Amino acid sequence: SFCTLLRPSNTNNNTTHKKPLTNNMASPSNQVRRNILVTGSNQGIGYELCKVLLLDWQPCRVFLCSRDAGRGQAAVESLRATVTEKQQQQPEKKIDVDDAIQLVILDVGDDASVAAAAAEVKSKLADEKLYAIVNNAAVAAENIQLMINTNVYGVKRVTDAFKGLLMLPQEAEGDNVAVHPRIVNVGSGGGCGYVKDNHPEGTPGFTYLSSGKVNSWDELKTFCERTASELEGEIARGEKGPFAGYGLSKAILHKYTEFSATDSAAEPLLAQNVIITAVSPGYIETNMTKNMQGNKLPVEQGTKSLVFALFDTESLRVGQGHYYGSDCKRSPLHDMRTPGDPAFTGY
């Protein structure tokens, strides 16, 4: 399991991740520091990931992204206070919290906001580059178009705007492993469940959203818009629940991840240089899930698969674009794999 790759904390640190004892997680020492952009990180899993990166994966600098300036500034101040307190307990950690935690105002659903944020991050980076983009921002609402615009088109907006700021791959030298930039798209088992429940095996929709090849972004977008329109009608007639669109948005996101990682004609920069992965954080206690039923895990548990996607060097490769469950095992796109079950090996 993924947990065997990471050393439990021996300090008062409450985070769940430590640098690995084995060689299948990339050490941040391969470069001066890793700059990581995390969208939707003023709360929930995104905020927790920023904390984990700062406390357990130094040297890292996080670009904490928030749609709202006030909530974003509050999150930055809270995170800086937390890191400062931990440093007092662990004096060997020397982190300049003002520099290591950067606030970026970013609404992934708005073209102008994304463009402005990319220009700001480019300026803050100066002669440095991004190591990773974590597309974490998402919404679960009754408005299908809002979910598609945020959960699918928002990811592509951010990827397109920031991909030019990613570092170039570094070849392995000495004891250091090769380092590739990363894009991590936060998916959901809800996307896989949507495919199973709404597209019976053998239908064109099932094939397209599982083993089928996406030939272009325009083709995927057309499929998404047509399916969303049909789903709106089904919801209006009471045939589907109001949040069925969330599953659709994540199913499309999983296929976009695969497309951007594998189509070297459409996305040569990404497909040839960047490790791109979709992951499920698990069923986590967040604002998004607070009104949902079922046993939810604490938010600290929601970063495991994201850390895996950011630093694993054993399973992940350029040109894959696979989807991984919360236990960091590859999962199918057409059904929900239970954490702990064998990894998916199909298509």
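Where is the place of Ala126 in the chain? Ala126 sits in the loop between α4, residues 111-125, and β4, residues 130-135. I start there since the backbone is the first topic. Please keep in mind that this is a predicted model.

Ala126 is not a glycine, yet its phi is positive, at about 60 degrees. For context, most residues other than glycine have a negative phi, and most peptide bonds are trans. Ala126 is also exposed, and its relative accessible area is 60%.

Cys328 is another residue other than glycine with a positive phi, in this case near 70 degrees. Where does Cys328 lie? It is in the segment after β7, which covers residues 323-324. Is Cys328 buried or exposed? With a relative accessible area of 7%, Cys328 falls under the 20% limit, so it counts as buried.

One more backbone item: the peptide bond from Gln58 to Pro59 is cis, and its omega is near 0 degrees. Pro59 belongs to the loop between α1 and β2, the latter being residues 60-66.

Now the overall picture. The chain contains 11 helices and seven strands. It has 347 residues, and 53% of them count as buried. Taking the contacts in the chain with a separation of 6 or more, 70% are between residues 24 or more positions apart.

How many residues are in the largest nonpolar core? There are 42, and the ones with the most contacts inside that core are Ile36, Val134, Leu310 and Phe311. Helix α1, residues 44-56, gives the most to this core, contributing eight residues.

Take Leu310 as an example. Setting aside residues up to four places away in sequence, Leu310 touches Ile36, Leu49, Leu53, Tyr131, Ala132, Val134, Arg182 and Val184. Two of the residues on that list, Ile36 and Val134, were also named among those with the most contacts inside the core.

There is a second, separate core of 26 residues, which includes Met147, Ala244, Tyr246 and Leu248.

That brings me to helix α9, residues 244-262. It has 19 residues and reaches 28 Å from its first C-alpha to its last, close to the 27 Å expected at 1.5 Å a residue. Why is α9 described as largely enclosed by the rest of the structure? Because 18 of its 19 residues are buried.

Helix α9 also takes part in the second largest pocket, where it supplies the largest share of the lining, four residues. About 240 Å³ of space lies in that pocket. Its lining has 19 residues, and Glu258, Thr262, Gln320, Gly321 and Tyr347 lie nearest its centre. By type, the lining divides into seven nonpolar, eight polar and four charged residues.

Last, Lys163. Apart from neighbours within four places in sequence, Lys163 is in contact with Ile133, Glu267, Leu269 and Leu270.

To recap the backbone points, Ala126 has a positive phi and is exposed, Cys328 has a positive phi and is buried, and the bond from Gln58 to Pro59 is cis. That is all from me.

Notes
Residues numbered from 1 in each chain as written. Predicted model: local features only at pLDDT ≥ 70, side-chain atom pairs only at ≥ 80, totals over all residues. Heavy atoms only, no water. Core = buried A, V, L, I, M, F, W, Y, C linked by side-chain atoms within 4.5 Å. Buried < 20%, exposed > 50% of the residue type's maximum accessible area, 1.4 Å probe, protein only. Helix = DSSP H or I, 4+ residues; strand = E, 2+ residues; numbered from the N terminus. Contact = heavy atoms within 4.5 Å. 1 Å grid on protein atoms, 1.4 Å probe; cavity = no way out; pocket = protein on both sides within 12 Å on 5 of 7 lines; lining within 4 Å. Points joined across faces, edges and corners; volume = space filled by probe spheres on them. Nonpolar A, V, L, I, M, F, W, Y, C, P; charged D, E, K, R; others polar. Expected span 1.5 Å × (residues − 1).
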